[in-house]
Amino acid sequence: DARVICVDTDELLAKIIVQTSRSSGLSFVYEELLSFGGNEFYFHQETWPTGSTFESIALGMHDGIAIGIFQDGEVKLNPDKSTVLGSDDQLVVVSEDDSEISMFSTPTVPRELTPPLSEPLKGRLERQLIVGWSPKLRTIVREYAKYVQSGSKLDVAVRNPTSEMRVEVSELDASADKVDVRLVEVEATKPLEPISLDPLGYDSIIILSEDLPEELEDSVDSLTLVTFLHLRQTAGSGTEGTKTKLIGELLDSRNRELIPPSDTREFIVSNRLISLITAQISEQAKMKTVYDRLFEEGGSEFYLKPVRLYADHVDETWTFGDLMAAAGARGEIAVGVKDVSTRDKPKPNFGIRLNPKKEAPAMISAEDELEKLVVLAPDGT
């Protein structure tokens, strides 16, 4: 039967923008998973041994990483590890190709772990800057408020704000319980203006494609690119080790190649991501349920977390399978690593390695704060 599947692209893109703005490297995780190159999502089914649990199947998978179950017409991401798979159930798997998904001939036995492994990450007050005005602003503020501690600040920098914009920002400030929302009037495309904004004082900066009149639509991406370059120059002139993340939104994906990111703190997001998602859904309609669960409020999402959360010490004897078991002890699923040694190199993917071989050495250290585990988790702690 022919069916029409509706995708709220503004809502989806707003959620991707917020998530990627809060975790360096997460943008490159999504870039790979949503494209048709490298690792992506697949549904996988085979004859499961009677009584097989999600945990036993996940740890026994040689190639591919199971992140969820398709059961009774619904996707459950990061399900309870004791969930028993029925004969008709399918796994949601991250793999380079569905033909490569395979199981170990004998069950693997990860090293014995001694919980608790670590204290949870502590939250902190955050500052975020949004440059530009867009219909997505309300969704972005709502999503941002889900993650941060009460008292965090969000500034909205707008050129020549209208009275309607001022009213809306006031309404957003009143409705966002945990976030102080403020309107800042600025000409962000002038070279000196970003300095007055003190970009290094923000945890992240989001440059939105502005909602301009139809006759000026061709200028939207030019405005975004100029602002991105000015802010990059200003942030780059700060002290070494700055942690400000810079995210730009483009309408035309072809313009993305004009300023490729220089490291995992930068990302250009465009309608290309939405095109990739809709293309995957058009190929397999039930893929929409994966994205619904991935971006729903209260569900599990992808995070990059310090390796020290999973083990006090990781040496050359540790495998990625061991890290998966350590993540499982925290109710999470490890899907890859961010390797500090290649984090500034476009190839391979700014240090992001998804779906490593489980028996391969982890090649990652718990002592280096920059090295992270890519996990599917219920929260960021």
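This is a predicted model: local features need pLDDT of at least 70, side-chain atom pairs count only at pLDDT 80 or more; totals for chains, interfaces and linings use all residues.
A pair of aromatic rings is described by the distance of the centres and the angle of the planes. The structure holds four aromatic pairs, and one of them joins Tyr30 to Phe302, whose ring centres lie 6.1 Å apart with the planes at 80°, so that the pair is edge-to-face, given that angles over 60 degrees count as such. Because Tyr30 belongs to helix α2 (residues 26-34) while Phe302 belongs to strand β13 (residues 301-306), this contact ties together parts that are 272 residues apart in sequence. Both Tyr30 and Phe302 are buried, and together with Phe295 they form one aromatic cluster.

A further edge-to-face pair is made by Phe41 and Tyr291, with ring centres 6.1 Å apart and planes at 70°. Here Phe41 is part of strand β1 (residues 40-44) and Tyr291 is part of helix α9 (residues 287-294), so the pair ties together parts that are 250 residues apart in sequence. Phe41 has a relative accessibility of 2% and therefore counts as buried, since the limit for that class is under 20%; Tyr291, with a relative accessible area of 3%, is buried too.

Conventions:
Residues are numbered from 1 along each chain as its sequence is written. Side-chain values use heavy atoms; hydrogens and water are left out. Rings of Phe, Tyr and Trp (its six-membered ring) pair if their centres lie within 6.5 Å; planes under 30 degrees apart count as stacked, over 60 as edge-to-face and the rest as tilted. Helices (H or I, at least four residues) and strands (E, at least two) are DSSP runs, numbered from the N terminus. Buried means under 20% relative accessible area, exposed over 50%, partly exposed in between (1.4 Å probe, protein chains only).
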